[in-house]
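Please look at the sequence and the model shown here.

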Amino acid sequence: MSTIKKESFVSEEQLRYATWLSWGARSGLLILVLSFLAYVLGWLPARIPLEQMPNMWNLSSHEYLHQTGAPTGWQWLSLVGQGDFAGLLGIAWMSGCSLLCLLVVMPIYSRRRDWVFVVLCVIALLVQLLAASGILTAGH
Amino acid sequence: MLNGVVSRLQNAGGLLKANALVLTLTLSLFTAGAYAAESLPAPGSMPWWGWALALFVTCFFLGIVAVPSGVGGGVLFVPIVGGFFPFHLDFVRGAGLLVALASALAAGPSLLRGGLADLRLALPLAVLASASSIAGAMIGLAIPAALVQIALGGTILGIVVLMAMAKKSEFPEVAQPDRLSSVLSINGIYHDAASNQKINWQVHRTPQGLALFVGIGFLAGLFGMGAGWANVPVLNLLMGAPLKVSAGTSSFILTLVDSSAAWIYLNKGAVLAIIAVPSVIGMMLGATIGARLLHVLKASVVRKMVISLLLFAGLRALLKGLGIWI
């Protein structure tokens with residue numbers, strides 16, 4: 001340990017990751033708030049009226065899907081003009097913004113021939129893509 | 001001299017006011033929780049906006065106490081909202097992951113830029129924890145909710161014990177990095193603003209840390225909680241990362257782990273915007289206030305209150321799962 005003036009010890013890839021993560025998080029939050037306002041203020045029609053939600057949200061996700069016919073996987077994207085599904089846009093964006101961050105740091109690791117971290121980024125991407133793909137299914 | 005005394009009195013007054021505020025908030029949460037448990041209206045008797053507003057206010061208060069107590073909002077959210085609101089646990093866990101994810105995303109960039117979160121330390125751990133969080137989420141959505149409630153109650157009570165007993169080490173001694181961390185070049189330097197020191201750090205026991213993160217990711221996916229309560233002790237006490245790097249890296253790891261699990265909940269229809277969005281916004285606003293109060297609050301007092309709150313919520317989850325306290 002030594003006393004120093006403040007200076008940066010942060011790597012190039014970490015700074016790039018931070019920049020992309022910052023934009024991803026901010027835009028995700030903005031989309032989340034706007035789409036939610038459109039939902040609750042009635043700017044977009046809701047597939048399941050908000051008044052009916054207190055009778056629905058105590059059901060398990062499986063029963064909820066069964067009773068409402070709500071879609072699974074990425075099918076909600078085709079219903080994004082409806083308020084209750086528009087609200088999922090911001091959530092999906094926030095869940096997916098790390099994918100871009102991983103992609104943009106890979107060229108830096110490659111240039112430095114840091115192959116272990118290139119492979120780690122690829123595996124992290126594949127795990128995220130597998131989760132996002134909707135091909136993994138389970139149910140009550 | 002008189003000015004000094006007045007200034008001290010003013011500081012003490014501010015401290016008392018802030019601590020009284022948090023005490024009031026915590027007592028309100030206890031009272032509201034107990035009241036809600038006893039007199040929960042039938043699902044249809046309160047309008048949707050009433051529940052959304054109650055959720056927003058609860059999350060706002062949780063956000064205020066989450067920061068000074070050093071626990072993530074997600075760990076408070078799932079047992080409290082799951083125990084005292086009429087939402088099914090599937091939707092509560094889906095929202096809990098998003099609460100933890102949103103908080104981690106908000107903090108992640110500045111932690112990375114400041115060197116308090118380390119990408120090289122985080123990536124290997126996050127890859128394993130992300131994969132296991134997917135498994136946890138899938139199993140959590142496949143088993144009966146009562147079983148998840150019981151396991152959640154047991155885990156929360158375990159966290160209470162961990163929080164009450166766990167020690168922290170600001171700068172753990174790592175004499176020799178292990179072979180794996182040397183190969184992966186997991187080490188770094190950060191500037192500690194509090195002491196104006198340049199801190200060099202390295203880690204050891206990396207294989208054991210990786211193994212524990214598999215379990216931590218699984219629990220995060222299963223219960224929909226952020227896993228900072230487990231990440232920090234493993235990074236700090238087991239692997240020997242400095243406390244601030246452990247806390248920062250833990251938060252950053254959640255951006256990857258919780259997003260993997262969140263996709264499973266989203267794809268399975270276990271995310272309702274009407275529950276998730278007021279929770280995320282309430283928690284983030286509360287956390288902003290909590291971060292500002294950080295300098296005037298006595299962290300140990302808040303921590304004890306949160307431990308009590310978690311003890312209450314953990315018992316509630318356990319008894320609800322067992323069918324004793326519906």
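## Helices α2 and α3 of chain B

α2(B) passes α3(B) in a right-handed crossing. Right-handed means that the near helix is turned clockwise from the far one by less than a right angle, and left-handed means anticlockwise. Helices (H or I, at least four residues) and strands (E, at least two) are DSSP runs, numbered from the N terminus. The axes of α2(B) and α3(B) are 9 Å apart and pack at an angle of about 140 degrees. Axes are lines fitted to C-alpha atoms, for helices over the stretch in contact, and angles run from 0 to 180 degrees between N-to-C directions. The two helices α2(B) and α3(B) are therefore oblique to each other. Angles under 35 degrees count as roughly parallel, over 145 as roughly antiparallel, 65 to 115 as roughly perpendicular and the rest as oblique.

From α2(B), the contact uses Leu55(B), Thr58(B), Cys59(B), Leu62(B), Gly63(B) and Ala66(B); α3(B) supplies Gly73(B), Leu76(B), Phe77(B), Ile80(B) and Val81(B). Residues are in contact if their C-beta atoms, placed from the backbone, lie within 7 Å. By class, this contact of α2(B) with α3(B) has eight nonpolar, three polar and no charged residues. Ala, Val, Leu, Ile, Met, Phe, Trp, Tyr, Cys and Pro count as nonpolar, Asp, Glu, Lys and Arg as charged, and the others, Gly among them, as polar.

## Basis of the model

This is a predicted model: local features need pLDDT of at least 70, side-chain atom pairs count only at pLDDT 80 or more, and totals for chains, interfaces and linings use all residues. Residues are numbered from 1 along each chain as its sequence is written, while chains are lettered from A and ligands numbered from 1 in the order in which they are written.

Helix α3 of chain B covers residues 73–84, 12 residues in total. From first C-alpha to last, α3(B) reaches 16 Å, close to the 16 Å expected at 1.5 Å a residue. The expected span is 1.5 Å times one less than the number of residues.

Because 12 of the 12 residues of α3(B) are buried, the helix is largely enclosed by the rest of the structure. Buried means 20 or more other C-beta atoms within 10 Å of the residue's own; exposed means 12 or fewer, and partly exposed is in between, with C-beta atoms placed from the backbone. Among the buried residues are Val75(B), Val78(B) and Pro79(B).

## Where the chains meet

In chain B, 62 residues are in contact with 58 residues of chain A. The side of chain B that touches chain A divides into 44 nonpolar, 14 polar and four charged residues.

One helix pair spans the two chains. The axes of α1(A) (residues 12–40) and α4(B) (residues 89–113) come within 8 Å and cross at roughly 160 degrees. That makes α1(A) roughly antiparallel to α4(B). Their crossing is left-handed. The contact includes Leu21(A) and Ala25(A) of α1(A) and Leu105(B) and Pro109(B) of α4(B). Its residues divide into nine nonpolar, four polar and one charged.

## Loops around β2 of chain B

Ser195(B) lies in the loop between β1 and β2. With 12 C-beta neighbours inside 10 Å, Ser195(B) counts as exposed. Asn196(B) lies in the loop between β1 and β2, and its phi is near 50 degrees, a positive value in a residue other than glycine.

Arg205(B) sits in the loop between β2 and α8 (206–223). Phi of Arg205(B) is near 55 degrees, also positive. Most residues other than glycine have a negative phi. Arg205(B) has 19 C-beta neighbours inside 10 Å, so it counts as partly exposed.

Technical notes:
Contact = placed C-beta atoms within 7 Å.
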